[in-house]
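Please look over the structure shown here. The paragraphs after it go from one residue to the whole protein.

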Amino acid sequence: MPGSTRDHYDRLAASYDENWAAHSEAFNGWMSGRILERLDLRADDRVVDLGCGTGIFSRALVTRAREVVCADPSPNMLAQLPTAGGALVPVQASAEDVAFGRVRLPSDRVDAILIKEALHHVRGREAVMAGLARLLAPGGRVLVVTLPTVISYPLFRRALEVFAERQPEPAGIAGAMQAAGLAVELTYDTYRREIARDRYVAMVRDRHMSLLSEFDDAELADGIREIEREHPEKVLEFDDRFAFVLGRHP
Ligand SMILES: C[S@@+](CC[C@H](N)C(=O)[O-])C[C@H]1O[C@@H](n2cnc3c(N)ncnc32)[C@H](O)[C@@H]1O
């Protein structure tokens, strides 16, 4: 991955789980449920959480599977993984490393791959998806969880525009899965966020989204003033809508 992305996550690792703190438990439970119902894991399944970060969702996967390989290129994110009795297996690797066989996983074939909010960092997504599809055992599933290009976050206007320009279209991800020979379902679910404005502004100041690393200190300060002007309310409420792109090996 580009050095700037790696620096971003290496810097953010220690505070990553705190970012949505007041809501994270409720959100993580909600999101884990949405992931598990789609992946439909069996107790004997071998799973990969690709771009696992600090392993927030690896914890949920491991409650339903034999083994979860937690792959991420950022050593500092991997260092935050829970131990989970040895069932979480850390591997320092990007999606590209795994898809092109540059890093070998403990098993040659896997039953499920989760890529949650990491695919936008991946280069050559069609080729990567084809490589990942080849790793799937018969009946195996790959689930990409991603934000759509238009989001309702109370960010400043320029940040939302840059986000929309950079974020891959869920339909394009579905197309890459289809081209890789998978049967695809694209569905959406929405979580209602409520967060104190001061806390949200502190997260923006901390550049909690990699997108915010695109702005220098002066641009970010201007952006924060815009957020404060546009959102005088003490508590921000907005919809956090996610696309779930599920590909199934025939
Ligand atoms: C927004 S975080 C999501 C982490 C985790 N999946 C979650 O939802 O909590 C994005 C993660 O993608 C990782 N990442 C960046 N580039 C990547 C790549 N090319 N392949 C796989 N993961 C990547 C980052 O290191 C980071 O941990």
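Does T149 count as buried or exposed, and why? T149 counts as buried because its relative accessibility is 14%; buried means under 20% relative accessible area, exposed over 50% and partly exposed in between, with a 1.4 Å probe and protein chains only.

This is a predicted model, in which local features need pLDDT of at least 70, side-chain atom pairs count only at pLDDT 80 or more, and totals for chains, interfaces and linings use all residues. Residues are numbered from 1 along each chain as its sequence is written, and side-chain values use heavy atoms, with hydrogens and water left out.

T149 lies in the loop that runs between β5 (136-146) and α7 (157-166). Neighbours within four places in sequence aside, T149 is in contact (heavy atoms within 4.5 Å) with F163, A164, Q167, P168 and E169.

The protein as a whole has ten helices and seven strands. These are DSSP runs numbered from the N terminus: helices are H or I with at least four residues, strands E with at least two. Of the 250 residues, 53% count as buried. Among contacts between residues at least 6 apart in sequence, 73% join residues at least 24 apart.

The C-alpha atoms fill a box of roughly 55 × 40 × 35 Å along the principal axes. The radius of gyration, taken over C-alpha atoms, is compared with a globule rule of 2.2 Å times the number of residues to the power 0.38. For 250 residues a compact globule would have a value near 18 Å, so the protein's 18 Å agrees.
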